[in-house]
Amino acid sequence: MTDIEPDCIDAQIHWYPVAASREVGEGRIMQSFLDGQELALWRSADGEAHAWENRCPHRGTRFSLGWVAADTLSCAYHGWRFGKDGACTYIPAKPNLSPPRSACAKTYAVREAGGLIWATLGDASWRGIGDVQMPNAFCRGFVVYRSPHATRSFLLDHFAAARAGGAVMEQRDESGTRRVLFLQPMSGERTVIYLWIDTEDEADSGARVEAMLRAARAFRELRTQLEASAHDAPAGSRR
Ligand code: FES
């Protein structure tokens with residue numbers, strides 16, 4: 001495995017996970033954060049995931065307070081509806097008016113891979129999740145109250161880094177179980193770490209659940225060490 005981008009966590013030029021796919025079911029809207037940008041994640045009736053700036057272009061109400069109807073997202077305040085491309089399609093107070101082109105939500109590029117929803121704030125093309133072989137069991141996501149750079153710096157003492165803007169790491173624990181981490185840089189103070197493991201147990205077996213819980217417990221201890229550690233952002237970094 002090659003670390004080709006050792007210190008580069010930057011959502012303008014890389015893609016990062018913003019939620020587990022299962023968290024954003026059809027017709028749901030969810031608030032998330034990427035590199036300080038607040039997002040509204042939602043899934044239209046055709047199963048497609050979307051990541052928008054969490055701010056209605058009309059009066060700034062959070063989209064995450066609204067609702068999804070088929071392929072449109074409606075704002076909770078005045079009920080303006082927006083299509084999947086972000087353009088306003090309907091204004092309830094002026095039903096005969098064609099919405100102006102300027103009435104458009106800010107949208108971001110989205111992909112789904114490895115059971116996660118990925119987004120970028122810039123125009124980088126999607127390069128997948130590097131050369132990581134995807135594990136088969138998603139344990140859980142951990143919120144860490146440390147900057148993405150400090151988090152990554154600490155974890156590199158325990159895990160090897162993969163591609164994807166420094167967002168993917170993997171390692172085998174003492175029992176030989178392969179663990180893979182995906183990092184979501186939320187802001188300068190918070191990072192989410194999604195933990196996956198490989199297990200040979202049956203998909204719906206108790207042994208599999210036990211393995212996932214064991215991995216989550218072990219990682220929780222590592223998170224405690226991380227939050228107490230002196231690892232900090234590299235000199236000159238943005239965080
Ligand atoms: S603030 Fe969203 S429709 Fe008015």
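E200 sits in the loop that joins β15 (191-197) to α2 (206-228). Helices (H or I, at least four residues) and strands (E, at least two) are DSSP runs, numbered from the N terminus. The structure is a predicted model, in which local features need pLDDT of at least 70, side-chain atom pairs count only at pLDDT 80 or more, and totals for chains, interfaces and linings use all residues. Residues are numbered from 1 along each chain as its sequence is written, and side-chain values use heavy atoms, with hydrogens and water left out.

E200 is exposed because its relative accessibility is 82%. Exposed means over 50% relative accessible area, buried under 20%, and partly exposed in between (1.4 Å probe, protein chains only).

The structure contains eight salt bridges. In each, a side-chain nitrogen of Lys or Arg is within 4 Å of a carboxyl oxygen of Asp or Glu. R178 pairs with E170, with the closest N and O atoms 3.3 Å apart. E170 is buried, at 17% relative accessible area. R178 is buried too, with a relative accessibility of 7%. R178 also bridges to D198, where the closest N and O atoms are 2.9 Å apart. This pair links distant parts of the chain: R178 is in strand β14 (residues 178-185), and D198, 20 residues away, is in the loop between β15 and α2. D198 is partly exposed, at 27%.

Helix α2 holds both E210 and R214, four residues apart, or about one turn of the helix. Their salt bridge has its closest N and O atoms 3.9 Å apart. E210 is partly exposed at 35%, and R214 is partly exposed at 47%. Elsewhere, a network of salt bridges links D46, E48 and K84.
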